[in-house]
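Trainee: I am new to this structure. Please show me how to read the places where parts meet.
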Amino acid sequence: MATINLKKGYNLDLVGKIAHNDVAEAPNAELYAIVPDDFYGIIPRLEVAVGDHVDAGQALCHHRDDENLKITAPVSGTVKEIRRGARRKIEAIVIAPDTEQTAKSFDVKLPPVQLLAQSGLLAMIRQRPYDIVPNPNVAPRDIFVTCFDSAPLAPSLMLVLGDNKRYLQAGINALASITAGKIYLGLDEDLDTGLTGVEINVFKGPHPAGNVGVQIANVKPVNKGDVVWTLDVITLARIGKLVTEGVVDFSTVVALTGELVTTPCYLSTTMGAQLTSLISGKLVGGDTQKRIISGNVLTGTPVAADGFLRAPYRHITVIPENAHPDEFMGWASLSPKRFSIYRLFTSWLTGNRNVRLDARLNGGERAIVMAGEYDRMLPMDIYGEFLIKAIIAFDIDKMEQLGIYEVAPEDFALAEFADTSKLELQHIVRSGLDKMRKEMA
Amino acid sequence: MKALRKLMDKAKPLFSPGGSLEKLQSVYDGFESFLFTPNTTSQSGVNVHDGNDLKRTMITVIVALLPCLFFGMYNIGLQHFIAIGTPDVSAWSMFVYGLLALLPVIVVSYAVGLGIEFIGAQIHHKEIQEGFLVTGLLIPLIVPINTPLWMTAVATAFAVIFAKEVFGGTGMNIFNVALITRAFLFFAYPSKMSGDEAFVKLDSALGYGGGTVADGFSGATPLGQVATNVGDTLSASLDTMQAFLGTIPGSPGETSMVAILIGAAILLFTGVASWRVMCSVFVGGFAMAALAHALPSSTYPASLLDPCAQLCYGGFAFAAVFMATDPVTGARTKTGQYIYGFLIGVIAILIRVYNSGYPEGAMLAILLMNAFAPLIDYCVVQRNVKRRLARLNANSQKGGHENE
């Protein structure tokens with residue numbers, strides 16, 4: 001076990017933290033949905049039609065290039081709707097659940113990779129490079145598992161895990177048969193896990209220490225040509241359960257957090273649940289326009305109040321959309337309420353504790369002016385700003401030299417938050433990764 | 001504020017495409033975002049953003065410049081009344097004289113620069129950007145007070161167009177725009193830029209003050225006096241304390257070390273300027289000045305100055321604090337910033353001491369290092385690239401053995 005101290009990054013201390021670790025049971029949702037966009041890299045081909053009945057764990061669609069790589073239903077029920085967007089892109093597959101749930105059982109004697117691909121759990125794993133769902137036919141160099149989420153207001157993964165801890169060893173054993181390399185676990189504290197066959201590293205420091213990409217970069221960076229799988233400890237437990245019992249556990253615990261939540265709490269529910277079942281009656285703020293984020297404020301996706309819980313299915317944050325419309329000369333503000341991590345505003349006087357943030361950009365998009373802002377937020381041996389510029393210029397050689405294979409959009413989320421020039425860094429990184437993938441294919 | 005908001009909303013259609021004032025849309029947008037924080041919320045990526053933006057950053061630099069500006073005004077008056085032989089007028093009169101003398105320069109600088117920026121923004125259908133806010137105030141502070149206004153206007157126009165807009169505007173320029181203005185004046189109108197008459201205003205400022213020069217008065221700057229020194233010892237009566245306080249002739253913003261240090265404290269505390277650049281400029285300057293002082297020569301009289309005096313005189317400190325720290329034109333990597341700053345300090349003193357043509361070298365040193373900043377960054381980044389490549393090679397060799 002090694003302890004790695006990370007200095008770069010920032011812990012955003014928002015209001016709306018969970019005070020008690022009790023997990024309450026959320027009512028069953030009326031609808032459940034799976035959004036193929038959550039499984040980046042999979043181009044979905046439907047296996048079901050509206051009106052079909054599916055069991056929990058049964059495939060809804062598969063990847064265009066690999067029939068065996070499936071996205072599966074989280075509940076049993078009837079396919080109610082297939083929502084399509086522009087150019088008939090599949091936006092969501094909506095399921096009306098049965099009252100009596102049935103689950104598909106898998107043959108545990110299958111090789112683990114096949115089992116993962118068919119059960120839909122492989123779709124919850126990502127690979128570096130490119131931050132996409134891995135190709136089951138390529139064995140990874142190593143597998144990295146993060147055991148904590150350091151994002152603002154994020155749930156404790158150990159709490160979300162709960163009793164499923166007992167499946168971790170089985171999950172590790174299954175993964176060990178997939179890679180010739182090692183399985184690395186990233187923890188935030190020195191726990192006696194009792195697990196064997198893994199290398200454990202403890203990461204101390206602010207967010208993004210919990211990002212698996214940061215952990216890889218500080219343990220064994222991804223080189224050109226390497227493929228590394230990444231997942232969180234909850235998925236690891238699900239894998240363990242799958243290989244021992246032959247069923248996929250789609251239940252999850254969600255942290256309901258944020259300024260506009262009456263009492264932030266943990267709720268147990270099922271993946272893809274309609275949010276009304278989780279948030280109705282639990283929000284404050286009356287008619288103010290709310291931004292409901294499935295995920296954390298940095299990497300989460302804004303969803304409608306009747307939208308669905310999105311991957312990684314464990315966090316909801318609710319903040320105001322615009323807490324101060326038409327703020328007069330906000331750039332000149334002397335109010336400590338205007339939060340900034342820089343000492344240009346007075347918010348540092350308050351210690352930047354219990355911060356309230358809304359979704360405004362707080363400025364216009366500009367060219368990159370201030371130096372070193374991205375590096376401050378990126379605990380990796382990478383010159384973030386130069387990489388971003390290489391991506392914008394689409395200079396393939398430079399991107400490769402500067403380490404594009406090592407990064408995922410989420411690694412730049414904090415830099416995007418802190419950016420004075422308000423550039424969409426995650427979007428830029430994603431477009432760079434997509435272009436690289438196309439070029440290298 | 002609601003009334004103002006209503007007024008702005010009412011005027012909006014006029015400036016929108018198809019409106020009668022559509023040619024001024026970028027002006028309207030710039031004005032609107034100046035008055036009201038834009039209501040745009042994030043549409044992709046992170047859901048929350050830091051409260052800081054480029055407006056705040058630039059305004060902070062302006063605040064840091066204010067001590068230099070106000071002291072500069074006072075000192076213009078002080079030097080004026082000393083020159084005309086009535087040094088016992090009140091400090092207030094001196095300030096008013098300086099204010100009246102400097103105000104037209106500030107107005108010309110902003111009018112010309114912002115005018116061009118607005119036109120550029122309108123041509124490219126972009127929002128007007130903040131970069132010139134600082135440049136527009138730097139220019140009056142580094143241009144000698146006796147420079148004719150039309151020269152300042154021409155030089156500002158040249159700098160904004162050819163040093164900034166052609167490169168793509170704020171954030172894209174290679175050379176510091178304010179220094180290009182200064183350099184343009186310096187090389188196009190050398191007679192107005194140096195010598196004894198450049199730095200002390202004698203005639204009236206907008207009808208206030210004015211007089212004839214008193215007997216025995218020389219308006220030469222300390223560095224100008226040093227440059228014409230003959231012999232092994234400095235004959236000019238120089239007082240480093242005076243230079244520290246700033247009551248000496250010079251460009252309006254550059255004379256007072258005290259005012260500059262207050263500005264530096266603001267910039268460093270807020271983190272707007274890089275302490276790496278700022279400190280290493282002083283270290284580099286001190287090192288070079290100490291070296292020159294250790295090997296004094298009557299051929300190069302500036303080598304007779306002791307290192308601390310070197311740093312207090314001329315535009316060195318102002319350049320170190322406000323010019324070298326421009327993040328756009330400087331080095332952007334941490335290691336690069338140390339090298340960049342150090343070399344600016346060294347070259348500034350090198351030019352000052354060993355090139356008798358130029359009594360001051362800070363401007364040329366920064367412009368030169370502006371050109372080299374990308375190279376410095378390239379070398380620093382290349383080390384990271386090599387490290388990555390070495391890792392790859394080591395890995396593939398190891399992998400090869402495993403396969404055997």
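Mentor: Start with chain B. Taken over C-alpha atoms, the centres of its domain 1 and domain 2 lie 23 Å apart. The model is predicted: local features need pLDDT of at least 70, side-chain atom pairs count only at pLDDT 80 or more, and totals for chains, interfaces and linings use all residues. Residues are numbered from 1 along each chain as its sequence is written, while chains are lettered from A and ligands numbered from 1 in the order in which they are written.

Trainee: Which residues make up domain 1 and domain 2 of chain B?

Mentor: Domain bounds come from an automatic or database domain assignment. Domain 1 of chain B covers 15-37 + 54-211 + 242-272, and domain 2 covers 274-389.

Trainee: How many residues does the contact take from each domain of chain B?

Mentor: Two residues are in contact if their C-beta atoms, placed from the backbone, lie within 7 Å. Domain 1 of chain B gives 24 residues and domain 2 of chain B gives 21 residues.

Trainee: Which element gives the most to the domain 1 side?

Mentor: Helices (H or I, at least four residues) and strands (E, at least two) are DSSP runs, numbered from the N terminus. On the side of domain 1 of chain B that touches domain 2, α11(B) gives the most, with six residues.

Trainee: And between the chains, how many residues does the contact take from chain A and from chain B?

Mentor: Chain A supplies 59 residues and chain B supplies 49 residues. On the side of chain A that touches chain B, α9(A) gives the most, with four residues.
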